[in-house]
Amino acid sequence: MTTAVFAPSRLEARARLVLPGLLLVVLALLPTAGLTPNLIRLLFITFVWVTASLGWNLLGGFTGQVSFGFAVFYGLGAYTAALMIDRGVNPYLSFLGAALIPALASFFIGLPTFRLRGPYFAIATIGVSEATRVIMNNLAITGGASGFRIVEHRPFRQVDHYYTALAMAALAVAVSFLIQHSKFGMGLRAIKQDEEAAADLGVNPYAYKLAIHAVAAALTGMAGGVFARYAAFIYPQGVFSFQTSVYILLMPVIGGIGTVWGAVLGGVVFGMVEEQLVANFPQIHLLLYGSLLILIILAEPDGLAGLLGKLFRRLRTPR
Amino acid sequence: MATPILEVEKLTKYFGGLAAVKDVSFAVPEQHIYGFIGPNGAGKTTLFNMIAGALEPSAGHIRSRGKDVTGHRPFSLVKSGIARTHQIVCPFRAMTVLENVQVAAHFGRKNITRTAAARDHARQVLAWVGLDHQADTLAANISLGDQKRLELARALATDPELLLCDEICGGLNPKETRAMLDLLERIRQNGTTIMYVEHDVKAIMAVCDHVMVLNYGQKLAEGKPEEIQNDPAVIEAYLGKAGSQKKGSRPVA
């Protein structure tokens, strides 16, 4: 019985590729179906959020290190891309920079903060995030608090942005799955549950946390970079705000923390809903998020993905 | 005699001004089961924690096959072939029993990268300790006896040369204890050296080749089990001085 487990699981793994592949094809063909620019923009933003959500999920979901400081990576990615594009660098190359600089920054943040555990780590990340925002507000080369306008000397084509963001989100999904089903991912899961026990079995928790922090920062930074190029104007109170950190953390929690599809779902729901909420309830949209968060944590800690899974199983099993 | 697998030299640990372990030296020969007993607070677990890298010694040296490993962190000690089990079991509760052992297979001395290979190795170890029927059960849902076995299986899956067992029989009934001791004997026959701390003196005497008695953080006696059992200093530490007024009280140092 034990040996028979292997053959179907490999088949199952192939089958698991079919659905995401199909989804990717559909999303790639969507712009040819005559979508309104507004809808394409909405999908673009959604892909950006999905990427950031997946990035946070690597550290928060897979490894159990709750960070309130991902706006640092998002903002650094945005500013890196902005400065590079402004100096005439190819935008796609600039997205690489938008991944690398935040990854580098993640070591400086992680080296001291990963010596802290649980809530102390979370609190420290708030401090780092706020400090970065204040510095960026006063930094001359980025225009400080008044923001930075990106002048790109090439025609604006919305579908380019769409496909860039789609490819990036697909990359984030692929990276997440590869990590989840690897030795690296097993080490992270072990750290999430019991750091001491993991170390007793040969896992180096500190090194592993630093490594996944860098991957998470790279994905989040890239999301920031892709967003910056589209937005063409960024400012510290936007990309570096505490609100951005909270948004990035909220998505995987809403969708289903620790699972890849949960983080995707959270990003999709957030991307689709956020603007509507801001537009229709400008005064209380944060209140609505807060309520949603409390509701999910109380009623369904596994998020929307967990809820859907339960519904699915109930429909499958006949009473 | 060949170089011992572990040499400990004047190992000392202070907590504040209190010496929990003081100037303890010994050498563990290969393929031995080396036992440690002593009254509560004698320093057995502190000694283990220092050897396993969970506590930094205040003074002294630990050498593994001649190599100094004093103050090394647990994850690097695992790579040098020293693994441990905990007195209080700490399984990854949200993982299956198999996945628990798979982590050890990945990150132990074998350093297996491929997931399928690590799973295979984990299955073998589970079968070996008699836990294969629970492979796909969540670790949170198995009995304490099985969790103790899982603790041992995880340590074994790191492929250790030296296994530190801290009260592996604690909380088990006599039948389970017997089975666990048989397992320890089989592990030794398989070529792994064992250091064994247990409260249950009978269990220690049953399996150990060599026993050390600790009292107030210091070595009180060491030798073969039968020598230890007849050592007057040991009897005094456990039962009190013959003729003293309160029987069972510990002597004042």
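Colleague: Why is E7(B) called partly exposed?

Modeller: E7(B) has a relative accessible area of 30%. Buried would need under 20%, and exposed would need over 50%. The value of 30% lies in between, so E7(B) is partly exposed. Keep in mind that this is a predicted model.

Colleague: What makes R63(B) and E7(B) a salt bridge?

Modeller: Their closest N and O atoms are 4.0 Å apart. The rule asks for a side-chain nitrogen of Lys or Arg within 4 Å of a carboxyl oxygen of Asp or Glu. The pair meets that rule, so R63(B) and E7(B) form a salt bridge. R63(B) belongs to strand β4 of chain B and E7(B) to strand β1 of chain B, so the pair ties together parts that are 56 residues apart in sequence.

Colleague: How do you know that strand β1 and strand β4 of chain B pair?

Modeller: Count the bridges. Pairing needs at least two. Strand β1 (residues 6-15) and strand β4 (residues 59-64) of chain B have 5, in the antiparallel sense. So they pair. As a landmark, L6(B) stands opposite S64(B) in β4(B). Helix α1 (residues 44-51) of chain B packs on the sheet and touches β1, β2 and β4 of chain B. The direction of this helix makes about 115° with that of β1(B).

Colleague: What is the order of the strands in the open sheet of chain B?

Modeller: The order is β2-β1-β4-β5, 4 strands with antiparallel pairing. At the edges stand β2 (18-28) and β5 (67-68) of chain B. Each has a single partner strand, so one side of each is left without a neighbour in the sheet.

Colleague: Why is α1(B) called mostly covered?

Modeller: Of its 8 residues, 7 are buried. Each of those falls under 20% relative accessible area. They are K44(B), T46(B), L47(B), F48(B), N49(B), M50(B) and I51(B). After α1(B) comes G53(B), with a positive phi near 90°.

Colleague: What makes strand β8 of chain B mostly covered?

Modeller: Here 5 of the 5 residues (193-197) are buried. T193(B), M195(B) and V197(B) point one way from β8(B). I194(B) and Y196(B) point the other way, and all are buried.

Colleague: Which strand of chain B pairs with β8(B) over 4 bridges, and in which sense?

Modeller: That is strand β3 (residues 33-37) of chain B, in the parallel sense. G35(B) stands opposite Y196(B) in β8(B). Strand β7 (residues 162-166) of chain B also pairs with β8(B) in the parallel sense, over 5 bridges. There, L163(B) stands opposite I194(B) in β8(B). Both counts reach the required two, so both are pairs.

Colleague: Now chain A. How do you know that R229(A) and E152(A) form a salt bridge?

Modeller: Their closest N and O atoms are 3.0 Å apart. The limit is 4 Å, so the pair counts. R229(A) lies in helix α9 (residues 205-231) of chain A, and E152(A) in the loop between β1 (148-149) and α6 (158-180) of chain A. The pair therefore ties together parts that are 77 residues apart in sequence.

Colleague: Are R229(A) and E152(A) buried or partly exposed?

Modeller: R229(A) has 7% relative accessibility, which is under 20%, so R229(A) is buried. E152(A) has 23%, between 20% and 50%, so E152(A) is partly exposed.

Colleague: What about R188(B) and E185(B): how far apart are the closest N and O atoms of their salt bridge?

Modeller: They are 3.1 Å apart. Both residues lie in helix α6 (residues 174-189) of chain B, 3 residues apart, about one turn of the helix. R188(B) has 12%, under 20%, so R188(B) is buried. E185(B) has 24%, so E185(B) is partly exposed. In chain A, salt bridges that share partners join R117(A), E195(A), E196(A) and K209(A) into one network. The count over all chains is 23 salt bridges.

Colleague: Why is F108(A) called exposed?

Modeller: F108(A) has a relative accessible area of 63%. That is over 50%, so F108(A) is exposed. F108(A) sits in helix α4 (residues 91-113) of chain A. With L104(A), F107(A) and L111(A), F108(A) forms a nonpolar patch on the surface, with about 420 Å² of accessible area together.

Colleague: And what makes Q124(B) exposed?

Modeller: Its value is 55%, over the 50% cut-off, so Q124(B) is exposed. Q124(B) lies in helix α4 (residues 115-129) of chain B.

Definitions and conventions. Residues are numbered from 1 along each chain as its sequence is written. Chains are lettered from A and ligands numbered from 1 in the order in which they are written. This is a predicted model: local features need pLDDT of at least 70, side-chain atom pairs count only at pLDDT 80 or more; totals for chains, interfaces and linings use all residues. Side-chain values use heavy atoms; hydrogens and water are left out. Patches are made of residues with over 30% relative accessible area and no salt bridge: like charges are joined within 9 Å, nonpolar side chains (Val, Leu, Ile, Met, Phe, Trp, Tyr) within 5 Å. Accessible areas come from the Shrake-Rupley method with a 1.4 Å probe; for residues, only the protein chains shown count as cover. Buried means under 20% relative accessible area, exposed over 50%, partly exposed in between (1.4 Å probe, protein chains only). Contact means heavy atoms within 4.5 Å. Axes are lines fitted to C-alpha atoms, for helices over the stretch in contact, and angles run from 0 to 180 degrees between N-to-C directions.
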